[in-house]
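I opened this structure to see how its parts pack together. My notes follow in the order in which I looked things up.

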Amino acid sequence: MPIIPAICRRDRSQLRRRTTWNIINNRARGTTRYFDTIEPTLPSLRSEDLHIRWLGHATVLMRHRSVTLITDPLFRTRLFHLRRHGGTISRGTPDNSMPLVILISHLHHDHLDFISLRKLNPDAVVVVPVGAGTYLKRRIPQDVIELGVGEDIRFHHIRIKGVRAEHGGRRWPSVSAPAQGYIIEAGQTVYFAGDTGLFPAMESLHSCGIDIAFLPVCGHSPHLGKHHMNPIEAAQALEYIGARIAVPIHWGTYRPLGYSNHDFLRTPPYEFASHAALRASNTHVHILNPGDDLLIAGSLPSAA
Ligand SMILES: [Zn+2]
Ligand SMILES: [Zn+2]
(Lines give C-alpha, C1' and ligand atoms only; values in the text may rest on other atoms or scores of the structure.)
(Ligands and ions follow the chains in the order given, each with its own letter.)
Protein backbone atom coordinates (compact mmCIF):
# COMPACT_ATOMS: atom_id res chain seq x y z
CA MET A 1 0.00 0.00 0.00
CA PRO A 2 1.46 3.38 -0.88
CA ILE A 3 2.01 5.98 1.78
CA ILE A 4 -1.04 8.20 2.20
CA PRO A 5 0.22 11.79 1.96
CA ALA A 6 -2.54 12.99 4.26
CA ILE A 7 -0.75 11.23 7.07
CA CYS A 8 2.01 13.79 6.75
CA ARG A 9 0.43 16.97 7.93
CA ARG A 10 2.30 20.04 6.81
CA ASP A 11 0.31 22.75 8.42
CA ARG A 12 2.04 26.01 7.74
CA SER A 13 -0.63 28.00 9.53
CA GLN A 14 0.50 26.39 12.78
CA LEU A 15 4.08 27.06 12.00
CA ARG A 16 4.24 30.81 11.76
CA ARG A 17 7.75 32.01 11.30
CA ARG A 18 9.17 35.35 12.18
CA THR A 19 12.27 36.00 10.15
CA THR A 20 14.65 38.72 11.09
CA TRP A 21 18.08 39.62 9.93
CA ASN A 22 20.51 39.28 12.74
CA ILE A 23 23.83 40.80 11.96
CA ILE A 24 26.60 39.94 14.32
CA ASN A 25 29.58 42.21 14.22
CA ASN A 26 32.63 40.50 15.48
CA ARG A 27 34.72 43.62 15.84
CA ALA A 28 37.39 41.92 17.86
CA ARG A 29 38.30 39.80 14.89
CA GLY A 30 37.59 42.48 12.33
CA THR A 31 34.95 40.44 10.55
CA THR A 32 31.21 40.61 10.07
CA ARG A 33 29.10 37.49 10.11
CA TYR A 34 25.56 37.37 8.84
CA PHE A 35 22.86 35.13 10.15
CA ASP A 36 19.28 35.23 8.90
CA THR A 37 17.45 34.05 11.95
CA ILE A 38 14.14 32.29 12.04
CA GLU A 39 12.51 32.50 15.43
CA PRO A 40 9.89 29.85 14.90
CA THR A 41 6.58 29.42 16.56
CA LEU A 42 6.43 25.68 16.80
CA PRO A 43 3.32 23.58 17.03
CA SER A 44 2.57 21.80 20.23
CA LEU A 45 3.03 18.10 19.72
CA ARG A 46 1.12 15.07 20.83
CA SER A 47 3.27 12.33 22.31
CA GLU A 48 3.19 10.28 19.11
CA ASP A 49 4.03 13.18 16.77
CA LEU A 50 7.39 13.78 15.13
CA HIS A 51 8.02 17.33 13.95
CA ILE A 52 10.71 17.81 11.32
CA ARG A 53 12.09 21.05 9.92
CA TRP A 54 14.68 20.93 7.14
CA LEU A 55 16.93 23.92 7.78
CA GLY A 56 18.84 23.48 4.53
CA HIS A 57 21.84 21.48 3.36
CA ALA A 58 22.29 18.61 5.88
CA THR A 59 20.71 20.41 8.82
CA VAL A 60 17.54 18.67 9.96
CA LEU A 61 15.70 19.62 13.14
CA MET A 62 13.52 16.95 14.73
CA ARG A 63 11.33 17.18 17.80
CA HIS A 64 9.71 14.28 19.53
CA ARG A 65 8.07 14.58 22.94
CA SER A 66 10.47 16.61 25.08
CA VAL A 67 13.61 16.16 23.02
CA THR A 68 15.01 18.19 20.12
CA LEU A 69 17.62 16.71 17.81
CA ILE A 70 19.55 18.47 15.08
CA THR A 71 21.92 17.11 12.44
CA ASP A 72 25.04 18.78 11.03
CA PRO A 73 24.05 22.35 12.02
CA LEU A 74 25.14 24.93 9.47
CA PHE A 75 23.64 28.42 9.73
CA ARG A 76 26.10 30.43 7.67
CA THR A 77 25.36 32.79 4.82
CA ARG A 78 28.99 32.47 3.77
CA LEU A 79 31.30 29.53 4.04
CA PHE A 80 34.60 29.97 2.21
CA HIS A 81 33.65 30.29 -1.48
CA LEU A 82 30.02 29.28 -0.84
CA ARG A 83 27.08 31.64 -0.55
CA ARG A 84 23.71 30.84 0.89
CA HIS A 85 21.09 30.57 -1.84
CA GLY A 86 17.79 32.27 -1.23
CA GLY A 87 18.94 34.09 1.88
CA THR A 88 17.09 32.00 4.40
CA ILE A 89 18.94 30.53 7.30
CA SER A 90 17.39 29.14 10.38
CA ARG A 91 18.99 29.33 13.76
CA GLY A 92 19.10 25.91 15.24
CA THR A 93 17.30 25.19 18.41
CA PRO A 94 14.08 27.08 18.94
CA ASP A 95 13.90 26.47 22.65
CA ASN A 96 17.07 26.12 24.68
CA SER A 97 15.12 24.81 27.64
CA MET A 98 14.54 21.54 25.81
CA PRO A 99 17.09 18.74 25.89
CA LEU A 100 19.07 18.87 22.69
CA VAL A 101 21.21 16.30 20.95
CA ILE A 102 23.36 17.28 18.00
CA LEU A 103 24.54 14.68 15.49
CA ILE A 104 27.66 15.30 13.43
CA SER A 105 28.10 12.97 10.46
CA HIS A 106 31.68 13.93 9.55
CA LEU A 107 34.29 16.63 9.73
CA HIS A 108 33.85 18.43 6.41
CA HIS A 109 33.26 22.15 6.82
CA ASP A 110 29.71 22.05 5.44
CA HIS A 111 28.76 19.49 8.15
CA LEU A 112 30.90 20.48 11.12
CA ASP A 113 30.80 24.24 11.67
CA PHE A 114 32.06 25.52 15.00
CA ILE A 115 30.43 28.94 14.66
CA SER A 116 27.04 27.30 14.22
CA LEU A 117 27.64 24.86 17.08
CA ARG A 118 28.54 27.70 19.44
CA LYS A 119 25.15 29.28 18.75
CA LEU A 120 23.36 26.21 20.05
CA ASN A 121 22.47 25.26 23.58
CA PRO A 122 25.72 24.81 25.58
CA ASP A 123 23.99 22.09 27.59
CA ALA A 124 23.43 19.98 24.47
CA VAL A 125 25.19 16.69 23.79
CA VAL A 126 27.13 16.41 20.55
CA VAL A 127 27.48 12.93 19.01
CA VAL A 128 30.42 12.50 16.67
CA PRO A 129 32.23 9.67 14.85
CA VAL A 130 34.94 7.85 16.73
CA GLY A 131 38.20 9.78 16.49
CA ALA A 132 36.58 13.22 16.27
CA GLY A 133 35.91 13.76 19.97
CA THR A 134 39.13 15.36 21.06
CA TYR A 135 39.11 17.74 18.11
CA LEU A 136 35.65 19.03 19.01
CA LYS A 137 35.96 19.12 22.79
CA ARG A 138 38.52 21.88 22.69
CA ARG A 139 36.41 24.07 20.43
CA ILE A 140 32.78 23.95 21.60
CA PRO A 141 31.03 24.35 24.97
CA GLN A 142 28.84 21.24 24.67
CA ASP A 143 29.60 17.73 25.89
CA VAL A 144 30.92 15.47 23.14
CA ILE A 145 30.29 11.73 22.81
CA GLU A 146 31.96 9.49 20.24
CA LEU A 147 29.72 6.86 18.67
CA GLY A 148 31.04 4.25 16.25
CA VAL A 149 29.33 2.42 13.40
CA GLY A 150 27.18 -0.33 14.89
CA GLU A 151 27.11 1.29 18.34
CA ASP A 152 24.06 2.91 19.83
CA ILE A 153 23.17 5.22 22.69
CA ARG A 154 20.01 6.44 24.34
CA PHE A 155 19.22 10.08 24.91
CA HIS A 156 16.09 10.25 27.03
CA HIS A 157 13.64 8.07 25.07
CA ILE A 158 15.48 8.47 21.73
CA ARG A 159 17.85 5.76 20.47
CA ILE A 160 20.67 6.74 18.12
CA LYS A 161 22.81 4.28 16.19
CA GLY A 162 25.87 4.96 14.02
CA VAL A 163 25.73 3.44 10.53
CA ARG A 164 28.22 3.18 7.73
CA ALA A 165 28.76 5.89 5.12
CA GLU A 166 31.10 5.89 2.15
CA HIS A 167 32.64 9.32 2.33
CA GLY A 168 35.87 11.07 3.10
CA GLY A 169 36.54 11.92 6.73
CA ARG A 170 39.48 14.26 6.37
CA ARG A 171 39.27 17.92 7.37
CA TRP A 172 41.81 20.34 6.10
CA PRO A 173 44.60 20.54 7.03
CA SER A 174 45.25 17.43 9.09
CA VAL A 175 42.28 16.12 11.11
CA SER A 176 40.55 12.91 10.16
CA ALA A 177 37.73 10.68 11.43
CA PRO A 178 35.46 8.32 9.49
CA ALA A 179 32.18 9.65 8.11
CA GLN A 180 28.98 7.95 9.20
CA GLY A 181 25.22 8.18 9.09
CA TYR A 182 22.71 7.69 11.90
CA ILE A 183 19.55 5.75 12.57
CA ILE A 184 17.34 7.65 15.00
CA GLU A 185 14.40 6.00 16.73
CA ALA A 186 12.10 8.80 17.82
CA GLY A 187 8.57 7.57 17.41
CA GLN A 188 9.52 6.83 13.80
CA THR A 189 12.70 5.18 12.58
CA VAL A 190 14.69 7.87 10.79
CA TYR A 191 17.78 7.41 8.61
CA PHE A 192 20.07 10.41 8.26
CA ALA A 193 22.71 9.54 5.68
CA GLY A 194 24.99 12.57 6.19
CA ASP A 195 27.21 12.56 3.11
CA THR A 196 27.70 9.26 1.38
CA GLY A 197 28.25 7.62 -1.94
CA LEU A 198 26.12 4.69 -3.03
CA PHE A 199 27.28 1.31 -1.78
CA PRO A 200 25.51 -2.06 -2.06
CA ALA A 201 25.82 -2.81 1.66
CA MET A 202 23.19 -0.13 2.18
CA GLU A 203 20.80 -3.03 1.68
CA SER A 204 21.55 -4.03 5.25
CA LEU A 205 19.56 -0.96 6.36
CA HIS A 206 16.43 -2.50 4.85
CA SER A 207 16.01 -4.67 7.91
CA CYS A 208 15.93 -1.55 10.15
CA GLY A 209 12.39 -0.77 8.97
CA ILE A 210 13.15 2.83 8.08
CA ASP A 211 10.14 5.12 8.10
CA ILE A 212 11.81 8.35 6.98
CA ALA A 213 15.08 8.65 5.06
CA PHE A 214 16.99 11.91 4.60
CA LEU A 215 19.12 11.31 1.53
CA PRO A 216 21.66 13.66 -0.07
CA VAL A 217 20.85 14.13 -3.75
CA CYS A 218 23.30 16.84 -4.84
CA GLY A 219 25.74 19.24 -3.19
CA HIS A 220 26.91 22.82 -3.14
CA SER A 221 27.92 22.75 -6.79
CA PRO A 222 26.78 20.81 -9.85
CA HIS A 223 30.09 18.98 -9.82
CA LEU A 224 29.82 16.32 -7.17
CA GLY A 225 33.04 15.08 -5.71
CA LYS A 226 33.89 11.49 -4.97
CA HIS A 227 31.58 9.64 -2.60
CA HIS A 228 28.45 11.72 -3.09
CA MET A 229 25.13 10.67 -4.62
CA ASN A 230 23.45 12.24 -7.60
CA PRO A 231 19.63 11.96 -7.86
CA ILE A 232 19.78 8.66 -9.74
CA GLU A 233 22.15 7.10 -7.22
CA ALA A 234 20.03 8.40 -4.36
CA ALA A 235 17.00 6.67 -5.91
CA GLN A 236 19.03 3.47 -6.08
CA ALA A 237 19.91 3.94 -2.42
CA LEU A 238 16.22 4.31 -1.65
CA GLU A 239 15.52 1.01 -3.39
CA TYR A 240 18.20 -0.60 -1.21
CA ILE A 241 16.92 0.73 2.09
CA GLY A 242 13.16 0.67 1.44
CA ALA A 243 12.00 3.72 3.45
CA ARG A 244 8.35 4.71 3.61
CA ILE A 245 9.04 8.43 3.22
CA ALA A 246 12.13 9.95 1.59
CA VAL A 247 13.19 13.58 1.96
CA PRO A 248 15.96 14.78 -0.39
CA ILE A 249 18.53 17.00 1.33
CA HIS A 250 21.99 18.44 0.58
CA TRP A 251 20.65 20.49 -2.32
CA GLY A 252 19.39 24.02 -3.00
CA THR A 253 21.12 25.71 -0.08
CA TYR A 254 24.63 26.79 -1.10
CA ARG A 255 26.23 27.80 -4.39
CA PRO A 256 29.79 28.69 -5.32
CA LEU A 257 30.48 32.42 -5.45
CA GLY A 258 29.90 33.81 -8.93
CA TYR A 259 28.26 30.69 -10.26
CA SER A 260 25.47 31.79 -12.59
CA ASN A 261 23.80 28.50 -13.59
CA HIS A 262 21.33 27.82 -10.83
CA ASP A 263 19.63 24.73 -12.31
CA PHE A 264 21.46 22.53 -9.85
CA LEU A 265 19.80 24.47 -7.03
CA ARG A 266 16.30 23.54 -8.25
CA THR A 267 16.14 20.31 -10.21
CA PRO A 268 17.86 17.55 -8.16
CA PRO A 269 14.93 16.70 -5.83
CA TYR A 270 12.55 16.39 -8.76
CA GLU A 271 14.98 14.17 -10.67
CA PHE A 272 15.29 12.11 -7.53
CA ALA A 273 11.51 11.84 -7.18
CA SER A 274 11.02 10.71 -10.77
CA HIS A 275 13.68 8.00 -10.46
CA ALA A 276 12.42 6.99 -7.04
CA ALA A 277 8.96 6.47 -8.54
CA LEU A 278 10.47 3.78 -10.76
CA ARG A 279 12.85 2.17 -8.29
CA ALA A 280 11.03 2.53 -4.99
CA SER A 281 7.38 2.95 -5.87
CA ASN A 282 6.20 2.22 -2.32
CA THR A 283 8.11 5.22 -0.99
CA HIS A 284 6.49 8.62 -0.78
CA VAL A 285 9.03 11.30 -1.74
CA HIS A 286 8.38 14.48 0.18
CA ILE A 287 10.23 17.49 -1.23
CA LEU A 288 10.87 20.25 1.27
CA ASN A 289 12.48 23.62 0.70
CA PRO A 290 14.90 24.93 3.32
CA GLY A 291 12.85 26.04 6.32
CA ASP A 292 9.87 23.80 5.48
CA ASP A 293 8.18 21.57 8.01
CA LEU A 294 6.89 18.05 7.99
CA LEU A 295 4.72 16.80 10.79
CA ILE A 296 4.34 13.05 11.07
CA ALA A 297 1.17 12.63 13.06
CA GLY A 298 1.04 9.23 14.66
CA SER A 299 2.19 6.01 13.04
CA LEU A 300 2.63 5.46 9.35
CA PRO A 301 0.68 2.76 7.52
CA SER A 302 2.53 -0.42 6.58
CA ALA A 303 4.27 -0.51 3.23
CA ALA A 304 3.07 -3.09 0.71
ZN1 LIG B 1 31.37 15.69 3.11
ZN1 LIG C 1 28.35 17.79 2.32
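**Core.** I looked up the largest nonpolar core first, and it has 66 residues. The residues with the most contacts inside this core are Ile102, Tyr191, Ala213, Leu215 and Leu238. I note here that the model is predicted.

**Whole chain.** I counted four helices and 22 strands in the protein chain. The chain has 304 residues, of which 43% count as buried. I also looked at contacts with a sequence separation of 6 or more, and 64% of them join residues 24 or more positions apart.

**Helix α3.** Which residues of α3 are buried? I found Pro231, Glu233, Ala234, Ala235, Ala237, Leu238 and Ile241. The elements that cover them include β17 (188–192), β18, β19 (245–249) and α4. After α3 comes Gly242, which has a positive phi near 70°.

**α3 against α4.** Two packed helices are described by the angle between their axes and the distance between the axes. I looked up both values for α3 (residues 231–241) and α4 (residues 268–279): the angle is about 40° and the axes are 8 Å apart. The angle makes α3 oblique to α4. The crossing of α3 past α4 is right-handed.

I wrote down the residues that meet. From α3 they are Pro231, Ile232, Ala234, Ala235, Gln236, Leu238 and Glu239. From α4 they are Pro268, Glu271, Phe272, His275, Ala276 and Arg279. By type, this contact has eight nonpolar, two polar and three charged residues.

**His275.** Setting aside neighbours within four places in sequence, I found His275 in contact with Pro231, Ile232 and Ala235. I also checked His275 against Glu233: they are 42 residues apart in sequence, and their C-alpha atoms are 9.1 Å apart.

**Backbone exceptions.** Most residues other than glycine have a negative phi, and most peptide bonds are trans.

- Arg65 has a positive phi of about 50° and is not a glycine. Arg65 sits in the loop between β5 (60–64) and β6 (67–71). With 18 other C-beta atoms within 10 Å, Arg65 is partly exposed.
- His227 is not a glycine either, and its phi is positive, near 65°. The loop between β18 (212–216) and α3 holds His227. This residue has 15 other C-beta atoms within 10 Å and is therefore partly exposed.
- The peptide bond from Trp172 to Pro173 is cis, with omega near 5°. Pro173 lies in the loop between β14 (170–171) and β15 (175–176).

Technical notes. Residues numbered from 1 in each chain as written. Chains lettered and ligands numbered in written order. Predicted model: local features only at pLDDT ≥ 70, side-chain atom pairs only at ≥ 80, totals over all residues. Axes fitted to C-alpha atoms, helices over the stretch in contact; angles between N-to-C directions. Helix = DSSP H or I, 4+ residues; strand = E, 2+ residues; numbered from the N terminus. Parallel < 35°, antiparallel > 145°, perpendicular 65-115°, else oblique. Left-handed = near helix turned anticlockwise from the far one by under 90°. Contact = placed C-beta atoms within 7 Å. Nonpolar A, V, L, I, M, F, W, Y, C, P; charged D, E, K, R; others polar. Core = buried A, V, L, I, M, F, W, Y, C linked by C-beta atoms within 7 Å. Buried ≥ 20, exposed ≤ 12 C-beta atoms within 10 Å, placed from the backbone.
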